[in-house]
Each structure stands twice: as structure tokens, then as C-alpha cells.
Amino acid sequence: MPRYDFRCRSCGATFELRRPMSQAGDPAVCPQGHEDTVKLLSAVAVTGAASAGAPRQAPASGGGGGCCGGGCCG
């Protein structure tokens, strides 16, 4: 079940709720009982198992810079 972060406009408390996506836009009450809350935007990082611990390597080809990375622009 997704987690949603909220902030109370009355007391400034930040809290999270787990609820179905169908209820994502529903109002939330803060732990102190205030009803004037806003849902915060959350940034989610998703990584795959292949990238865990593996250093990134530069491509073997000698590509240049420029606007497209192909070496045509300088």
C-alpha cells in the first residue's frame, strides 16, 4: 500500500499515512486532530539489482560532447 506524506497547516506537524491509491486525494487529519492538512510531493528512487554496488563506467567509444553527444558539434 502506498505511503503519502502530509503536513498540518495548523501545527506544522509532518506525518505519513498508508492508504490505497483510490484514497490518495482524500483529506487527512493530523495526529493532533487538525483537519487543515496538505499532501506533500514525494520523490521516489527506484534502482535495479544490477546497479546496486556496480560502478558506472564510461562508454568505450570516443564520443565527443556537443548537443547530441555524437561529436559532430564540438
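## Basis and overall content

Helices (H or I, at least four residues) and strands (E, at least two) are DSSP runs, numbered from the N terminus. On that basis the protein has zero helices and three strands, and its pattern along the sequence reads β-β-β.

The model is predicted: local features need pLDDT of at least 70, side-chain atom pairs count only at pLDDT 80 or more, and totals for chains, interfaces and linings use all residues. Residues are numbered from 1 along each chain as its sequence is written, and side-chain values use heavy atoms, with hydrogens and water left out.

## Surface and contacts

A residue is called buried under 20% relative accessible area, exposed over 50%, and partly exposed in between (1.4 Å probe, protein chains only). Of the 74 residues in the protein, 15% are buried.

A contact requires heavy atoms within 4.5 Å. When contacts between residues at least 6 apart in sequence are considered, 28% of them join residues at least 24 apart.

## The sheet

Two strands are taken to pair if DSSP finds at least two bridges between them. The three strands form an open sheet in the order E2-E1-E3, with antiparallel pairing. Strand E2 (14-18) and E3 stand at the edges with a single partner strand each, so one side of each has no neighbour in the sheet. From one strand to the next, the twist averages 35°; axes here are lines fitted to C-alpha atoms, for helices over the stretch in contact, and angles run from 0 to 180 degrees between N-to-C directions.

E1 and E2 run antiparallel and are joined by five bridges. Across this pair, Phe-6 stands opposite Phe-15 in E2. The hairpin of E1 and E2 has five residues between the strands, and Gly-12 there takes a positive phi near 85°. Strand E1 (residues 3-8) also pairs with E3 in the antiparallel sense, over three bridges. Arg-7 has Val-38 as its bridge partner in E3, while the partner of Cys-8 in E3 is Thr-37.

## Thr-37

Thr-37 belongs to strand E3 (residues 37-39). Its relative accessibility is 16%, so Thr-37 counts as buried. Leaving aside neighbours within four places in sequence, Thr-37 is in contact with Phe-6, Arg-7, Cys-8, Arg-9, Phe-15, Ala-28 and Cys-30.

A polar atom of the Thr-37 side chain lies 2.7 Å from the backbone oxygen of Ala-28.

## Cys-8 and Cys-11

A disulfide is a pair of cysteine sulfur atoms within 2.5 Å, and by this rule the count comes to zero disulfides. The cysteine sulfur closest to that of Cys-8 is in Cys-11, and it is too far for a bond because the separation is 3.6 Å. Cys-11 is likewise in no disulfide.

Definitions and conventions. Polar contact = N/O pair within 3.5 Å; in protein donor to acceptor, adjacent residues only side chain to side chain.
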